Amino acid sequence: YGAVCLDGTAADFYYRAGTGDGKNKWHLYLQGGGWCASLNQCAERTAGDLGSSKFDSTYMNLSPPYMSSSQSTNPLTYNWNAVYIRYC
């Protein structure tokens, strides 16, 4: 859709489908990363994960406590659709 990272690689996101009464609810997480304050800082970021998706894995375990699919760990959104949007 035209969104790219600083180095031109495609922007990434990870998705887990919701289940049961959570299948029509959404939990979106935007990875933090800040910004680059100069052209040099932006150029330096192209070599790491805050400026590129080339080293990203195909799959991501969406299980930190705030995205856990365990009802006991995350009673509010455990069965919601979960989307982790990468910063790059």
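Predicted model: local features only at pLDDT ≥ 70, side-chain atom pairs only at ≥ 80, totals over all residues.
## A buried arginine and its partners

A polar contact is a pair of N or O atoms within 3.5 Å; within protein, one of the two must be able to donate a hydrogen and the other to accept it. A polar atom of the arginine 16 side chain lies 2.9 Å from the backbone oxygen of leucine 62.

Arginine 16 has its place in strand 1, which covers residues 13–16. The residue is buried, yet it has no salt bridge. Which side chain of opposite charge is nearest to arginine 16? That is aspartate 21, and it is 12 Å away. Setting aside neighbours within four places in sequence, arginine 16 is in contact with Leu62, Met67, Ser68, Ser69, Tyr78, Trp80, Asn81 and Ala82.

## The salt bridge

Here is some background for the next pair. Side chains of opposite charge can pair when their charged atoms come close.

How many salt bridges does a search of the whole structure find? The search finds 1. In a salt bridge, the side chains of arginine 86 and aspartate 56 meet at 2.7 Å, N to O. This pair links distant parts of the chain, 30 residues apart: arginine 86 belongs to the segment after strand 3 (81–85), while aspartate 56 sits in the loop between helix 1 (39–45) and strand 3.

Aspartate 56 counts as partly exposed because its relative accessibility is 23%, between the cut-offs of 20% and 50%.

Phe13, Tyr15, Trp26 and Leu28 make a nonpolar patch of about 500 Å². Strand 1 and strand 2 (26–30) each supply at least two residues of this patch.

One of the patch residues, tryptophan 26, lies in strand 2. Is tryptophan 26 buried or partly exposed? It is partly exposed, because its relative accessible area is 49%, which falls between 20% and 50%.

## An exposed leucine in the loop

Finally, look for leucine 76 in the loop between helix 1 and strand 3. Leucine 76 counts as exposed because its relative accessibility is 61%, over the 50% cut-off.

How far is leucine 76 from alanine 3? Their C-alpha atoms are separated by 31 Å, and the two residues are 73 residues apart along the chain.

Notes:
Residues numbered from 1 in each chain as written. Heavy atoms only, no water. Helix = DSSP H or I, 4+ residues; strand = E, 2+ residues; numbered from the N terminus. Buried < 20%, exposed > 50% of the residue type's maximum accessible area, 1.4 Å probe, protein only. Lys, Arg positive; Asp, Glu negative; His and termini not counted. Salt bridge = Lys/Arg side-chain N within 4 Å of Asp/Glu carboxyl O. Contact = heavy atoms within 4.5 Å. Patch = residues over 30% accessible without salt bridge, like charges linked within 9 Å, V, L, I, M, F, W, Y side chains within 5 Å. Areas by Shrake-Rupley, 256 points an atom, 1.4 Å probe, with all protein chains shown as cover.
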